[in-house]
Amino acid sequence: MVHPLYFVLDIVFAIVLIIILHHDHKIKPMVDSQEKAFRLLINWVIFFCLQDAVWGICASDFITSDLPLFIASSVFHFSTVLTTFFWLYYILKYLSDRILTNYRRLLLWIDILVIVLQIGLIVTNFYTPLIFEVVQGRYVPAYLRPLAFFNQYVVYLLISIITFIFVLASNGSRHDKYVSVFIFSLAPVLSGAFQLLYPDGPFYSVGYFLGCFIIHMYVVTQDRDTLKSLQAERKMKEQVKRSLEHIEVHLVVVCEKLLLRHRGIIPYLPR
């Protein structure tokens, strides 16, 4: 039986991500493709945390039947592998102008194959315990459970290698952002390793939550602040330009009047 804090932590993670998502929608309703991909990822991680909370409830003393835990465990293993798609989709959107289209397609196809393999394992597990089984209300790992984790690591490790290459090839503020994306890519691998060793802990939810939080704090927010600074600078330049044009018009008018007065066309007015 898992500790009640299992599902409490999941619910807390989901609430924090909902607050972040609501705040982002409030301050910026219209977003580009990168932020759309990130918001899609956050929505999925919220769902993952909630379904993981359901798993924690089914695996606790609150529910004694084996069937809810078996169904929740199947959904959990499917959700973990589907998370790789949303993770990879965001990375490819963020690096879309730096990765060739053919490589992006190759990575997506690899991820689709991993998802199909996981679905095959889950479906087979309904008849033969390959990944897990439920015995007297307890989740019992089966002999192919490591495979259900390692196939996801293939995708995350590919993402980590790609982002690490960009870390080495960049500098300045761009380098710091790539470091954040690299840590974001490693979070599911590290949390997944703990989840593999300790099934009774919400380590995947912790890793997904920390990954999304890192990206929101050091990439999305900074990109948004940079864009605001550029827009403010552009607005200031436009205002200065309009002011100079206005001053130029007045100077031309004054110069023309002085020239006409000098030629005697416009008499001087008495003071």
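Leaving aside neighbours within four places in sequence, which residues is Y90 in contact with? They are Q34, A37, F38, L41, F184, I215, V219 and V220, where contact means heavy atoms within 4.5 Å.

A word on the model: it is predicted, so local features need pLDDT of at least 70 and side-chain atom pairs count only at pLDDT 80 or more, while totals for chains, interfaces and linings use all residues. Residues are numbered from 1 along each chain as its sequence is written, and side-chain values use heavy atoms, with hydrogens and water left out.

Y90 also turns up with W55 and W87 among the residues with the most contacts inside the largest nonpolar core, which has 64 residues. Such a core is a set of buried Ala, Val, Leu, Ile, Met, Phe, Trp, Tyr and Cys residues joined through side-chain atoms within 4.5 Å; buried is under 20% relative accessible area, exposed over 50%, partly exposed in between (1.4 Å probe, protein chains only).

The largest share, 13 residues, comes from α3. Helices (H or I, at least four residues) and strands (E, at least two) are DSSP runs, numbered from the N terminus.

Now for the strands. β1 (residues 132-135) and β2 (residues 138-141) pair in the antiparallel sense over four bridges; pairing takes at least two DSSP bridges. V134, on the covered face of β1 with F132, has Y139 as its bridge partner. Two residues lie between the strands of this hairpin, and Q136 in the turn has a positive phi of about 55 degrees.
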